[in-house]
Amino acid sequence: MVNTAVLFETFARPKYARQVFEQIKKAQPKKLYFYSNKARIGYPEEMKNNEEIRSWVKEVDWDCELHTFFRDEYVDVYVSTFGAIDWVFKNEEEAIVLEDDCVPSQAFFEYCEYFLNKYKKDKRIGVISGDNYVDGLDYDGADHIITSNFFMFGWASWRDRWVNADFNIDVKHIIENEHIFEKYFIGDARIVNFWKFYYKNIYNFLEETHCWDYMFSLNCVREKAYVVAPIEHLVQNVGVIGTHALGKESATNKSISFEKKHYLITNKAVNIIPNKVYDELSFNILFNYPFSLKSRVKRFLSPVVRPIKGMLKYLSCHK
């Protein structure tokens, strides 16, 4: 049973939402926040799907404190997702957040609970992410990664990080103040320049929508609060349609073992600085951005170097 509250965000996509809900049912959270945006009038199939998903609350048959937020009127996706997350953090000190197309493994819940507790008081961490799109890296026995990349297809955080964020943050100030980006991305000019260019191009969009994930991420950049990522991918993004979909071939559709129940916890100390190799590779995978030959060579050699390092460690311990 999961002790941390789980937020389940839904709309009108039962094909995807059912997969997420089945995993939630297996995890049996003690507190479930079931959110549903209202279907749009004039879309019969959407209205039917919306009602079907709302009926699933009858399936909550375990010992659970069930909370529902079923909107009476349709709101756009930006208002909807922000409102759902704001709702859970007004009621909970910490929460796990799952959108209707982000299907978690059972290990994801254990992973979130452990690192929510581990970094609860450490404001250098803003988000616990369930995503890792890089294969074959050697993490030297660590059980998690510190990253500057915000992949939140299945994530968790704390009330204080959320409520203290400014969702009307001055985007131009962040863009124009190079020290904010440089300090966050540890002076990596390539990533800094990419994000400055990116945010300049979506400035009008952000002014209009105040899209929560961009705004929350910018707050973390300003406050220098990083992301915890798992050493293995824990949440599969099964959606291929919708406002934020990246397409059928997107790396965010990376498969996982849904039945994997336990996450490897080694308790090895990790410095609260971004893993540069992981950051470059994951950024490159998601945005197809060119990075240094050095990082590519490290990735290529990692499957060879890892067993050699393991053998050397074994020999040093058994002299």
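Glutamate 92 forms a salt bridge with lysine 31, with the closest N and O atoms 3.2 Å apart. A salt bridge here is a side-chain nitrogen of Lys or Arg within 4 Å of a carboxyl oxygen of Asp or Glu. The pair links distant parts of the chain, 61 residues apart. This is a predicted model: local features need pLDDT of at least 70, side-chain atom pairs count only at pLDDT 80 or more, and totals for chains, interfaces and linings use all residues. Residues are numbered from 1 along each chain as its sequence is written, and side-chain values use heavy atoms, leaving out hydrogens and water.

**Overall**
- The protein has 12 helices and 10 strands (DSSP runs: helices H or I, at least four residues; strands E, at least two; numbered from the N terminus).
- Of the 319 residues, 50% are buried (under 20% relative accessible area; exposed is over 50%, partly exposed in between; 1.4 Å probe, protein chains only).

**Salt bridges**
- The structure holds 19 salt bridges.
- Glutamate 92 is buried, at 9% relative accessible area.
- Lysine 31 is partly exposed, at 25%.
- Aspartate 140 pairs with lysine 268 in a salt bridge, closest N and O atoms 3.1 Å apart.
- Aspartate 140 and lysine 268 both lie in loops, so their pair ties together parts 128 residues apart in sequence.
- A network of salt bridges links Arg18, Glu22, Lys25 and Glu59.

**Helix pair**
- The axes of α8 (residues 189-201) and α11 (residues 276-287) come within 12 Å and cross at roughly 35 degrees (lines fitted to C-alpha atoms over the stretch in contact; angles run from 0 to 180 degrees between N-to-C directions).
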